[in-house]
Amino acid sequence: MKTIKIATDYSNTPLGRYLEDSEFNGTRFREEFLKPALEKEGEVEVDIDGVEGYGSSFLDEAFGGLVRKGYFKAAELHRKLVIRNADPDLALYRDLIWKYIRQAEARKAP
Amino acid sequence: MESTIGTVFDTLMAVKKAGNHARRLWRQRWLLSRDRRDFLRRSRKRRAGPGGLDPSRWVALNSHTKGSVRVTSDRKLVLDLPERLNFDADYEATASHFQMLRHAVRGSGKVSELRFNDIKYISPSAALVLASEVDRWNQREARQLRADIESWDKNIERLLCQMGYFELLGIPCPADIGKPARVTFLRFKRGTVGAKDLGKLAQQLRVEIEALLGFPIKKHFLFEGLSEAITNVSQHAYPDTEGYCLKQWWLSASYDSGAGELCVMFYDQGAGIPGTLPKWKLFERVKDMFGTWGDSQKIEAAMEVGRSSSRLKERGKGLQNLLEFARAHREGRLSIYSSRGMYRMTSKRNGEETGPLTTTQRQDFENSVGGTLIEWSVKLASADEND
C-alpha cells in the first residue's frame, strides 16, 4: 500500500481549489499525487496529519473531484482509499472527505 | 401666372420666417448654455477657496467628510482623519473617510498628507483597512505620504508602529512608544492573487499569534477560515471584467489582554459579495431590480451552502467555513462587511455538552466598506481551553 503524507509529500499549508488559487491547491494534489497513486497501486493511504488545516475547497476538489471527473466511483474509492489521522482534531476533515466523495457520486447519478 | 408668382413668393417668405425662427431659437439656447457655463465656473471658483482647487472634484465628500479635506497653496490635498475610526460604533464616518481617501489616492494622486492628529481610537479592523489604503498608495505612487507624527496620540502611535505603518510611511518607529497597551497589534500581511504559497502567510500569522499569547490556538479552524477567505478572493473578488490592476488582500490580528479577546481580520478591495452573488430565485431578481434587496441580505444569502457566483453545484461551501473558528470557542463572533452591508454571527457556548447558541444580525449602510472585510473575534479563556 502506498502512503501519501500530505504535510510532507505535498504541503503543510494546502489551500484552494484551482491552480490559480495557490501553489498547493486541490486540483494539483488530485492530478499529480492522488490519481496516479490510485491508478498504479491497489490501495492508497492518505495521511492527513501535520497540516495547518484544510478548507472545504481543497478537500472537495482533491477527493470529490476524483468522482466528479469520472476517474473513480465512490464504491471503488471506499475499497482503495484509506484516510488516516492520529490527531483527533483532524477527524472532522476525514469525515468531510468521505462526505464530499458521497456528494459527488450523488450529483453524478442521473 | 400671377397666382403662381404669389405662391412662390409665399413659399419663400415662409422659408425665411422659419429660418429666422430657427436662428432665434439657436441663439437663445447658446445664450443659456453660455450663462450656465459662466455660472458653473463662478460657483466652482467660490467652492475652490484660496488654492483655486475644488476638493470635491478629487474626492467623494459627504456630510461626514465635508470638513476633512484642505487644499494647500501648491494645489495638494491634506486629508484629516476623524477622532474615532471604528466600523462597529462609527461605521458611516469611518467608511466615508476611507472612501474619501480611496478616491483621492486612485483618482488624482494629489494627496500630500494624511493627518492622524485628531485620532483618539482606532479599532483593529479599521486599522487594517487604513493600512491597506496607504499600502496601495505606496504601490501606486512609489512614494510615501507625509505624516506629522509629533502630534499623534501615543496610543495611536504605538498601534500604528506595531502594525507596520511606519514602514509604509517610510519613517522609523519612535524609540519610545510608551508603556505596553492592553491591545497588541500584529504586523499586517499582504497577499497577491496568484502568488505562490499563500497558505504560508496564514501560517505565519498563526505562529505570531501564538508567540504573542504564549499558548496554542485552535489552528485548524483558523486556517480553515483564512484559506477559504483567500480562495474566495482568488475566485470571486476581482472579476476579470472589472479591470482590477492590483488583486490583493490584507491580513492582521490583534489581542486585547484585558478582555482576553483575539481578533483576526482579512480585507480585500474587490467587487464585494453583493456584487458577485448570482440571483437565483425570481423574487431575488425582482427585489434586486427595485433596489429592495439590501447588501446585508445578499451576504446572508451567500452564506447558504451551495450558493456561489461560479454556479457550479460543488462550489459555495467556502463562506460556511468562515464560521467554524468563531463556533469553536466559548464565545465567538464573525462579522462580514461587504459593499454596503454587514452580516454578523455570534456564537456562545454554555457547556461542552451542548452545541453553541448562535444568533445572527444584519445591517445596511449608506457608505461602502470598499470591498470585503471579514473579522473573527473570539474570547480566549486559558491555554488549556485552546489547546
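The model is predicted, and its scores are ipTM 0.94 and pTM 0.83. For chain B, the mean pLDDT is 82, with 82% of its residues reaching 70 or more.

**Contact between chains A and B**

- On the side of chain A, 25 residues are in contact with chain B, where 25 residues take part in turn.
- Helix H3 (56-68) and helix H5 (91-108) of chain A each contribute at least two residues to the side of chain A that touches chain B, and the largest share of that side, six residues, comes from H3(A).
- Sorted by class, the side of chain A that touches chain B consists of seven nonpolar, nine polar and nine charged residues.

**The three-stranded sheet of chain B**

- Chain B holds an open sheet of three strands in the order S1-S2-S4, and the pairing within this sheet is mixed.
- Strand S1 (69-71) and strand S4 (111-115) of chain B are the edge strands, and because each has a single partner strand, one side of each is left without a neighbour in the sheet.
- From one strand to the next, the twist of this sheet averages 20°.
- Strand S2 (residues 77-80) of chain B runs parallel to S4(B), to which it is joined by four bridges, and across this pair B:Leu79 stands opposite B:Leu114 in S4(B).

**Helix H4 of chain B**

- Helix H4 (residues 154-162) of chain B has as its buried residues B:Ile156, B:Glu157, B:Arg158, B:Leu159, B:Leu160 and B:Gln162.
- Just after H4(B) comes B:Gly164, which takes a positive phi of about 95°.

**The surroundings of A:Lys2**

- A:Lys2 lies in strand S1 (residues 2-5) of chain A, and it counts as partly exposed because it has 14 C-beta neighbours inside 10 Å, a count that falls between the limit of 12 or fewer for exposed residues and that of 20 or more for buried ones.
- When its neighbours within four places in sequence are left aside, A:Lys2 is in contact with A:Ala37, A:Glu41 and A:Val44.
- A:Lys2 and A:Leu38 are 36 residues apart along the chain, while their C-alpha atoms are separated by 8.8 Å.

Key: Residues numbered from 1 in each chain as written. Chains lettered and ligands numbered in written order. Predicted model: local features only at pLDDT ≥ 70, side-chain atom pairs only at ≥ 80, totals over all residues. Pairing = 2+ DSSP bridges. Axes fitted to C-alpha atoms, helices over the stretch in contact; angles between N-to-C directions. Contact = placed C-beta atoms within 7 Å. Nonpolar A, V, L, I, M, F, W, Y, C, P; charged D, E, K, R; others polar. pLDDT = per-residue confidence, 0-100.
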